[in-house]
Amino acid sequence: MIIIKSKQEIELMRKADRIVANTFIYLREYIKPGISTKKIDELAESFIRKNGAVPNFKGYYGYPATICISINEEIVHGIPSKKRIIKDGDIVSLDLGCLYKGYHGDAAVTIPVGNVSSDVMQFIKDTKNSLLAGIEAARVGNRLGDISHAVQVYAESRGYGVIRDFVGHGIGRDLHEDPEIPNFGKPGIGPRLREGMTIAIEPMLSMGDYHTITLQDGWTAVTADHSIACHFEHSLAITKNGPDILSLPDNPDDWYDYF
Ligand code: MF3
Ligand code: CO
């Protein structure tokens with residue numbers, strides 16, 4: 001069942017998502033060669049708590065950390081570790097959420113570190129734009145399949161693989177609510193999009209094939225062919241005036257300067 005939110009609920013979700021987005025702005029300067037992914041996790045957790053929210057990934061199906069940090073061929077759900085050190089040339093996906101006054105925020109970005117080849121830089125930009133293509137389709141009167149299709153067409157027409165094993169989702173009082181939002185599918189099918197739906201759209205693309213493998217840790221998803229992967233996510237509300245992106249920082253312009 002897709003839960004419709006009131007205006008007041010959407011404003012609480014915006015606060016949760018704003019804390020998430022502000023955390024990314026805060027973390028941005030630390031994503032440099034030499035830092036461990038564990039240290040990034042600690043910085044994220046303390047920032048979230050200082051802002052009156054709590055981590056929502058920690059403990060979710062037993063996930064052990066505040067943030068997911070997935071590097072290069074890792075797609076999602078990388079577990080922070082003292083031993084994993086960021087190095088020049090990495091592309092680092094940060095996926096983060098928090099719970100604020102009973103509502104969940106959730107977003108993800110991918111950050112290039114130091115010298116990254118121009119084709120990988122273009123891939124990051126294309127993944128970001130595939131998310132924007134999906135958001136553009138999140139309009140009253142469209143159907144869920146229109147979002148999925150928009151992301152898929154954007155990505156596949158540029159030669160990328162669309163990961164199928166992980167999907168976007170409704171969000172609200174639960175981190176994952178109905179509906180599931182695949183990044184591939186046919187237009188014109190699925191539930192009609194209505195005012196007050198709140199969803200997280202999160203394309204995960206690869207520079208190769210879309211098949212995935214989960215590592216021995218039981219969490220980290222990697223591309224089966226070890227091709228580079230990228231992930232961006234926004235949480236948004238569907239309104240009669242179009243999609244309203246909730247996961248933006250205090251100064252929304254910062255988002256587009258940084259990510
Ligand atoms: N960030 C994921 C999502 O976007 C959820 C994280 S799963 C967790 O849906 F177990 F790591 F929390
Ligand atoms: Co999500």
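Reply: Strand 7 (residues 168-170) and strand 8 (residues 177-181) run antiparallel and are joined by three bridges. Strands here are DSSP runs of E with at least two residues, numbered from the N terminus, and two strands pair if DSSP finds at least two bridges between them. G170 has E177 as its bridge partner in strand 8. Six residues lie between strand 7 and strand 8 in the hairpin that they form.

The model is predicted, so local features need pLDDT of at least 70 and side-chain atom pairs pLDDT 80 or more, while totals for chains, interfaces and linings use all residues. Residues are numbered from 1 along each chain, chains are lettered from A and ligands numbered from 1 as written, and side-chain values use heavy atoms, without hydrogens and water.

Around ligand 1 are F57, Y60, Y63, C68, H77, D95, D106, H169, H176, E202, W219 and E233, each with a heavy atom within 4 Å. This shell has five nonpolar, three polar and four charged residues.

Polar contacts are pairs of N or O atoms within 3.5 Å. Oxygen atoms of ligand 1 lie 3.0 Å from a polar side-chain atom of D106, 2.9 Å from one of E202 and 3.1 Å from a side-chain N or O atom of E233. The protein buries 96% of the 330 Å² that ligand 1 exposes when taken alone (Shrake-Rupley, 1.4 Å probe).

Ligand 1 sits in the largest pocket: more than half of its atoms lie within 2 Å of the grid points. A pocket is an open set of points on a 1 Å grid over the protein atoms alone where a 1.4 Å probe fits, with protein on both sides within 12 Å along at least five of seven lines; lining residues have an atom within 4 Å of a point.

Methods: Polar contact = N/O pair within 3.5 Å; in protein donor to acceptor, adjacent residues only side chain to side chain. Nonpolar A, V, L, I, M, F, W, Y, C, P; charged D, E, K, R; others polar. Helix = DSSP H or I, 4+ residues; strand = E, 2+ residues; numbered from the N terminus.
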